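Please examine the model shown below.

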Amino acid sequence: QVLLVESGGGLVQTGGSLRLSCAASGRTFSSAVMGWFRQAPGKEREFVAAISWSGRSTVYADSVKGRVTISRDNAKNTVYLQMNSLKPEDTAVYYCAAAKVLLSTTVVTTAAEFGSWGQGTQVTVSS
């Protein structure tokens, strides 16, 4: 299992940017698809972005496509989420997660396929 710790959240104005980081411990990080999810108050957790274990493939939710970039540095055991042109509807707790299946050829995107989760970091976008 991978221990995940997110950072980088905060309060930003509409149109602003934030870069979230997720530091992982454990030898399996570089073999796992990594994902970012978010949960707004009163709503279900939703997929934001995911990246293959190699970093070559990425998948984004339609709601963030073009505004968000997921990346990873396997040497640093860290995955990032660069968010630009933020909107009030992006306000949520953001979680990073590591997929259960290692060395997968598929970039999974459903929460049930992720086995390790961070504690979350709050992102608040003011209007």
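**A guided reading of the predicted model**

Phenylalanine 114 lies in strand β10; helices (H or I, at least four residues) and strands (E, at least two) are DSSP runs, numbered from the N terminus. The model is a predicted one, in which local features need pLDDT of at least 70 and side-chain atom pairs count only at pLDDT 80 or more, whereas totals for chains, interfaces and linings use all residues. Residues are numbered from 1 along each chain as its sequence is written, and side-chain values use heavy atoms, with hydrogens and water left out.

Phenylalanine 114 counts as buried because its relative accessibility is 3%; buried means under 20% relative accessible area, exposed over 50%, and partly exposed in between (1.4 Å probe, protein chains only). Leaving aside neighbours within four places in sequence, phenylalanine 114 is in contact with Val33, Met34, Gly35, Phe37, Ala97, Ala98, Ala99, Lys100, Val108 and Thr109, where contact means heavy atoms within 4.5 Å.

With a relative accessibility of 6%, serine 116 counts as buried. Not counting residues up to four places away in sequence, serine 116 touches Gln1, Val2, Leu4, Cys96, Ala97 and Ala98. The serine 116 side chain reaches the backbone nitrogen of valine 2 at 3.3 Å. This distance falls under the definition of a polar contact: a pair of N or O atoms within 3.5 Å, where within protein one must be able to donate a hydrogen and the other to accept it, and residues adjacent in sequence count only if both atoms are side-chain atoms.

The next element to consider is a sheet. Four strands form an open sheet in the order β1-β3-β8-β7, with antiparallel pairing; two strands pair if DSSP finds at least two bridges between them. Its edge strands, each pairing on one side only, are β1 (3–7) and β7 (68–73). Neighbouring strands of this sheet are turned against each other by 15 degrees on average, direction ignored; the axes are lines fitted to C-alpha atoms, for helices over the stretch in contact, and angles run from 0 to 180 degrees between N-to-C directions. Six bridges join β7 to strand β8 (residues 78–83) in the antiparallel sense, and aspartate 73 has threonine 78 of β8 as its bridge partner.

In soluble globular proteins, nonpolar side chains tend to be buried together. Here the largest nonpolar core has 39 residues, and those with the most contacts inside it are Leu4, Trp36, Ile70, Val79, Leu81, Met83 and Tyr94. Such a core is a set of buried Ala, Val, Leu, Ile, Met, Phe, Trp, Tyr and Cys residues joined through side-chain atoms within 4.5 Å. At least two residues of this core come from each of β3 (18–25), β4 (32–39), β5 (46–51), β7, β8, β9 (92–102) and β11 (121–126). The largest share, six residues, is supplied by β9.

Strand β5 is mostly covered, five of its six residues being buried. Strands β4 and β5 run antiparallel and are joined by five bridges, with phenylalanine 37 standing opposite phenylalanine 47 in β5. The hairpin of β4 and β5 has six residues between the strands, and glycine 42 there takes a positive phi near 80 degrees. Strand β5 also pairs in the antiparallel sense with strand β6 (residues 58–60), over three bridges. Tyrosine 60 in β6 is the bridge partner of alanine 49. In the hairpin of β5 and β6, which likewise has six residues between the strands, glycine 55 takes a positive phi near 90 degrees.

The charged side chains complete this account. The structure holds four salt bridges, a salt bridge being a side-chain nitrogen of Lys or Arg within 4 Å of a carboxyl oxygen of Asp or Glu. Arginine 38 is joined to glutamate 46 by a salt bridge (2.5 Å, N to O). At 6% relative accessibility arginine 38 counts as buried, whereas glutamate 46, at 35%, counts as partly exposed. Arginine 38 also forms a salt bridge with aspartate 90, the closest N and O atoms being 2.9 Å apart. This pair links distant parts of the chain, 52 residues apart: arginine 38 is in strand β4 and aspartate 90 in the loop between β8 and β9. Aspartate 90 counts as buried, at 2% relative accessibility. Arg38, Glu46, Arg67 and Asp90 are linked in a network of salt bridges.
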